[in-house]
Amino acid sequence: MSATAKPIANTRSVTGIPTARLITWWVIASEIVIFGGLLAAYLMHRLGHPEWAASASHTNTWAGAFNTFVLLTSSLCAVLAHKAADALDGPRAARLLRLTALGGVIFLTVKGFEWTTDIREGFVISSGGFWSYYYTLAGLHGLHVLAGAVIMLIVASDAAKNRELQRVECIGLYWHFVDIVWIFLFPLLYIAR
Amino acid sequence: MSEQVQHAGHDHPEPGFFLKYCWSTDHKMIAMQYLFTGMAMAMIGGFLAYVFRMQQGFPNHYVPGFGLVTPGRYNEVVTMHGTIMIFWVAMPVLIAAFGNYLIPLMIGCDDMAFPRINRLSYQIFLLSAIVLLGSFLVKGGAFGGAWTAYPPLSASGAYNLTPIGATLWLLAVALEFVAFLLGGINFTVTVMNSRAPGMKMFDIPILIWMIVLATVIFMASAGPLIAGAVMLLFDQTMATGFYDPVRGGDPLLWQHLFWFFGHPEVYVVLLPAMGIVAEIIAVFARKKLFGYKSMLYSTWGVGILSFVVWAHHQFVAGIDPRMANVFTVTTLLISIPVAELVFLYIATLYGGSIRLDTPMLWALGFLAEFLIGGVTGIFLGSSGTDIYLHDTYFLIAHFHYTFVPIAIISVFAGITFWYPKMFGRMMNETLGKIHFWGTVIPFNVIFIPLFMTGMAGDQRRIYSYAQFAEQSRPALQHLRTTSTIGLLVMLSFQLIFIFNFFWSMRNGKRAEANPWRSTTLEWTVPSPPPHGNFAELPTVYRGPYEYGLPGRADDYWPQNAPN
Amino acid sequence: MREYKKLAPRQIALWTSFLILFGWGLSGCGLGSTSAAMRGQQLFQNCVPCHQVDGSGNPQVGAPNIAGMKAWYVQAQLQKFRAGTRGMHFSDVEGMRMRPMALSLITDGDVTAVSAYVETLPPVKHAPTLTGDAHAGDNQFHLVCASCHGTNGEGNADVKAPRLAGVDDWYLATQLRKFKAGIRGNNSKDIEGRLMRPMARILTDEDAIRNVMAYLDTLKP
Amino acid sequence: MDFGEVTEAVMYERYITAASTYAHSIDHLFLLIAALVGFWLIVAEVVLFALVFKFREKEGQSTRYITGEEKELHRWITIPHMLVILCDIVIIVPAILVWYNIKQAQPPADRTVRVYAQQWAWSFQEPGPDGKLDTDDDVRTVGELHVTVNTTYHFELMSRDVVHSFAIPSFRLKQDALPGRTITGWFRPNRVGTYDIQCTQMCGLGHALMAGRVIVETQQDHAAWLMRNSNPSLAAQPAAPAPAPESTTMAEVRR
């Protein structure tokens with residue numbers, strides 16, 4: 001089966017960085033410019049439209065703060081999972097990864113409640129400039145959280161059998177990136193008045 | 001032949017037809033998929049060019065094979081020609097096909113670092129091509145708002161009258177970007193990590209350098225446009241107002257995001273083309289590249305500068321006029337590294353022993369024609385003259401004098417050069433030379449008249465100039481007709497290439513492993529290379545262009561030869 | 001056995017010259033033209049983006065339902081657009097969108113051909129979009145409109161009054177407002193349009209317009 | 001001045017007339033760039049072909065091994081390179097000067113007109129005999145802009161729907177019109193005649209049909225035209241029931 005027979009290209013490491021970690025960094029780099037473009041566009045318009053602050057005040061800062069806390073905690077779990085994987089303790093890494101994914105699920109649940117409230121109050125994606133950016137930015141980020149959580153569960157199921165432990169670190173890196181994006185989004189969307 | 005060792009290292013069972021041709025993870029097969037898809041799209045793009053050139057040359061006549069060209073149809077056809085030729089021909093053939101085929105072979109490893117990501121990249125690309133072509137069939141027709149898709153025209157069906165086509169267009173472009181991001185990341189990682197032992201940074205063939213730099217530029221510039229595309233998609237489908245001034249948006253935002261990508265994109269396709277040409281010139285002049293390192297530094301310079309010139313597309317778009325001064329300076333600055341590159345290429349010829357085989361003809365043709373494209377860019381990059389020349393046929397002619405050398409001439413150079421490696425047989429030289437002259441001469445016949453009509457004020461994307469008294473002068477119409485006849489002749493000559501391409505596959509002279517007596521690693525394996533490429537993975541001892549070294553029997557010294 | 005084939009130079013020369021001639025010859029094809037009967041249908045492609053394939057129009061872009069409209073009227077209006085006697089008012093946004101499209105028909109023959117094609121399209125009846133008092137509209141209609149447009153709104157070619165029955169109500173209402181405001185029928189060379197303006201002014205308010213529309217919606221095309 | 005007339009007649013007037021004061025400055029810049037880059041183009045092409053010819057494969061010819069790092073050889077790259085940079089500067093300075101004079105420094109206006117772009121027509125609002133905009137005697141036209149020769153005009157450019165571009169090739173004038181913004185610019189026609197107005201930014205189906213004309217008239221002709229067309233009673237009449245032009249955008253129709 002070709003899936004298990006890795007090409008020699010995959011096993012080489014001229015730079016000294018493992019190939020898997022290297023590609024994760026490149027994925028993150030290309031994601032940074034996507035979010036960077038969106039955030040830059042948002043910032044430019046936010047500065048040009050002081051009246052958006054009124055819309056921004058409708059967001060639920062406490063829910064956002066709670067979500068920040070959840071994501072940061074889950075990132076800690078990801079770090080511990082990496083540590084466990086380094087110690088070749090697959091099952092422990094898997095448990096920690098599942099905990100991390102749970103953090104993602106909690107994040108998305110809170111987000112869901114928040115959005116339901118917003119929409120019920122009449123603030124939908126087409127309600128104005130701020131709301132367009134709010135839903136697009138948070139939605140794109142939410143999609144990354146969801147994708148990250150799903151991949152994490154897949155990695156965890158492998159790790160539980162002590163397979164592909166190098167992936168634990170990669171998905172952890174990705175999770176930190178998703179976390180950092182939120183650290184930017186939270187103040188810009190919720191706190192800035 | 002000593003190179004034709006049975007490949008023993010890794011055993012791969014012979015896969016079935018589907019697995020071999022459609023589901024392969026072999027970089028060579030994926031390269032072929034990209035190449036053939038790109039060529040098919042090129043034919044479609046060429047047909048579209050035929051349609052609108054016919055309308056330009058013989059206005060309001062029935063176009064054989066198409067019908068009457070109405071204003072709406074014309075817009076669709078020019079939009080799709082631009083989109084297809086840039087995103088579905090230049091990118092897949094230059095970067096994906098040549099990149100996939102040559103990176104593992106030239107850096108001496110068996111495959112890409114992530115073969116399955118590679119396969120996924122092609123599949124997404126194919127899907128995007130199908131979505132794009134499918135948009136011709138939906139109600140209202142394909143998107144007709146120009147390949148730059150400026151909102152609010154592209155954002156609302158009430159404006160562009162092709163609501164479904166516009167969304168499909170956007171979707172296809174976004175999918176295509178995802179495909180090339182995946183492919184590009186794979187390329188970069190492979191070159192960074194999987195090089196043969198001994199291949200140091202400056203032992204990498206210049207083509208590989210340029211492909212990697214191109215993908216890095218692409219990754220850094222495409223992100224904002226992907227974000228912009230999501231926003232435009234929401235504007236189209238969910239009535240958001242990112243680009244709609246009535247709802248607090250800004251139409252200029254798209255233009256900035258688009259050109260922040262769009263200008264680096266020019267260099268994304270230029271660099272691989274320059275790389276191909278460099279390889280060929282070195283081989284056929286039997287010369288070491290003149291100043292390999294200067295070449296590399298210039299390439300880096302181009303890459304970095306390409307990120308700070310985007311607003312020269314928007315001089316008259318309503319941006320702050322003071323910005324134009326800054327961007328004029330940066331734009332003209334980019335002429336410094338590009339001129340350096342061209343000078344170095346020309347200098348490489350000095351003291352060589354030049355054999356004018358077909359690939360070399362194409363490579364020299366690239367230089368000769370690209371020079372014209374390069375210098376005419378100065379007119380458009382200078383804010384003063386751009387006021388007049390912006391969006392005229394002068395721009396069209398300039399653009400095509402850069403892009404035809406890039407996407408057509410250098411691709412033909414690459415195909416004729418690596419054809420023996422790809423298919424194990426040589427192409428017919430006589431047909432190749434006829435095809436070369438039958439392409440390059442009509443190419444000038446097409447676009448030199450368009451420089452003139454542009455100077456006379458012909459604006460682009462106009463299906464008929466009947467409404468404009470100054471533009472409907474007979475003298476200008478003669479120029480347009482001349483240009484159309486040039487295109488028809490040029491297109492006809494492509495039949496020779498297609499014939500030669502397929503005929504030689506079965507009937508060409510069998511190719512040895514190294515028919516051009518080249519130094520780089522891909523020529524050390526049999527033609528065509530087996531699955532897994534190298535029977536014994538090579539070790540690299542020297543740089544890639546050791547030709548005509550004094551005191552050696554052979555005039556070339558392969559990279560992997562220990563002595 | 002030879003491993004590969006060689007191409008004879010004569011063969012190559014023959015094919016090359018053929019290709020050059022082929023390219024030139026193809027340019028000659030551009031000069032051919034098609035039969036007049038087909039031309040109307042082909043030219044209608046100009047109209048499709050807004051008026052749709054079946055000519056039923058698109059209210060979103062202000063394009064009326066023209067399926068089955070009488071050829072003489074389509075022709076007259078197209079000629080007005082081309083001459084600039086309609087669609088040349090500063091506030092006539094839809095008219096200014098239509099005028100250039102009419103200008104894309106270069107010859108009078110093309111105008112006749114496409115008008116004839118429009119008449120052959122099977123009429124499409126849309127559901128009413130306006131509500132009003134059909135009875136009051138009935139009175140108004142017979143008082144004001146019927147003398148020219150016919151008692152059943154069937155139109156009268158002799159006085160160049162178009163058919164009204166079966167035309168979309170939103171479109172007629174818009175046109176009435178334009179006549180009233182002088183956005184349509186303002187050009188001295190648009191004789192019928194100028195005649196229509198005082199008539200439209202008899203429908204003093206929006207209610208009157210709606211009522212007439214409600215009555216027209218009851219008529220069979 | 002003489003130089004200008006000669007070059008126009010030979011090089012540029014063949015293609016398009018010059019009918020505004022800044023047309024010549026753009027043409028001269030064009031010619032300057034043409035001379036400089038033409039020189040480089042010819043030099044580069046000649047060198048390219050000469051090298052190909054001189055070093056073509058011959059019996060018994062061996063190649064020279066050159067890395068390109070040799071000082072005395074690299075000079076041949078460095079010197080032209082410095083000259084290219086010099087040429088860049090020679091181009092940048094006048095390019096920015098021309099741009100500055102046309103787009104940044106606006107001479108005081110004699111008259112101001114308003115230009116509306118919409119799918120697919122140009123409409124214009126010109127001040128009546130009183131010389132002021134937004135009064136009852138304003139002249140509103142579609143497709144035709146009447147201006148007086150040798151008069152500095154400011155234009156206020158607006159779009160009712162999508163991005164258009166207001167271009168008068170004979171004036172060498174081009175400026176995109178953006179919805180939601182008013183962009184001002186200027187021109188000073190200096191030759192009587194009728195010239196095309198183009199839209200040079202893809203604006204949808206009728207982009208190719210979005211033609212207009214600018215008619216440059218003498219003082220007397222223009223005054224007569226104004227008198228004929230600016231009837232205050234006529235102007236006021238449609239203004240009352242018709243909605244203000246700004247609000248009849250397609251966006252309005254869409255809703």
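## B:Arg73

B:Arg73 lies in helix α3 of chain B, residues 71-107 (helices, H or I of at least four residues, are DSSP runs numbered from the N terminus). This residue is buried, because 24 other C-beta atoms lie within 10 Å; the cut-off for buried is 20 or more such atoms, with C-beta atoms placed from the backbone. B:Gln471 is 398 residues away from B:Arg73 along the chain, and their C-alpha atoms are 21 Å apart.

## Basis of the model

The model is predicted: local features need pLDDT of at least 70 and side-chain atom pairs pLDDT 80 or more, while totals for chains, interfaces and linings use all residues. Residues are numbered from 1 along each chain as its sequence is written, and chains are lettered from A and ligands numbered from 1 in the order in which they are written.

## Helices α15 and α16 of chain B

Helix α15 (residues 429-455) of chain B packs against helix α16 (residues 474-507) of chain B at about 160°, with 8 Å between the axes. α15(B) is therefore roughly antiparallel to α16(B), a term for angles over 145 degrees. The contact of α15(B) with α16(B) comprises 17 nonpolar, nine polar and one charged residues (Ala, Val, Leu, Ile, Met, Phe, Trp, Tyr, Cys and Pro are nonpolar; Asp, Glu, Lys and Arg charged; the others polar).

## Domains of chain D

Chain D is assigned domain 1 (2-57 + 64-104) and domain 2 (111-254), with bounds from an automatic or database domain assignment. Nine residues of domain 1 are in contact with 13 residues of domain 2 (contact: C-beta atoms, placed from the backbone, within 7 Å). On the domain 1 side, six of the touching residues are nonpolar, three are polar and none is charged.

Definitions and conventions
Helices (H or I, at least four residues) and strands (E, at least two) are DSSP runs, numbered from the N terminus. A residue is buried if 20 or more other C-beta atoms lie within 10 Å of its own, exposed if 12 or fewer, and partly exposed in between; C-beta atoms are placed from the backbone. Two residues are in contact if their C-beta atoms, placed from the backbone, lie within 7 Å. Axes are lines fitted to C-alpha atoms, for helices over the stretch in contact, and angles run from 0 to 180 degrees between N-to-C directions. Angles under 35 degrees count as roughly parallel, over 145 as roughly antiparallel, 65 to 115 as roughly perpendicular and the rest as oblique.
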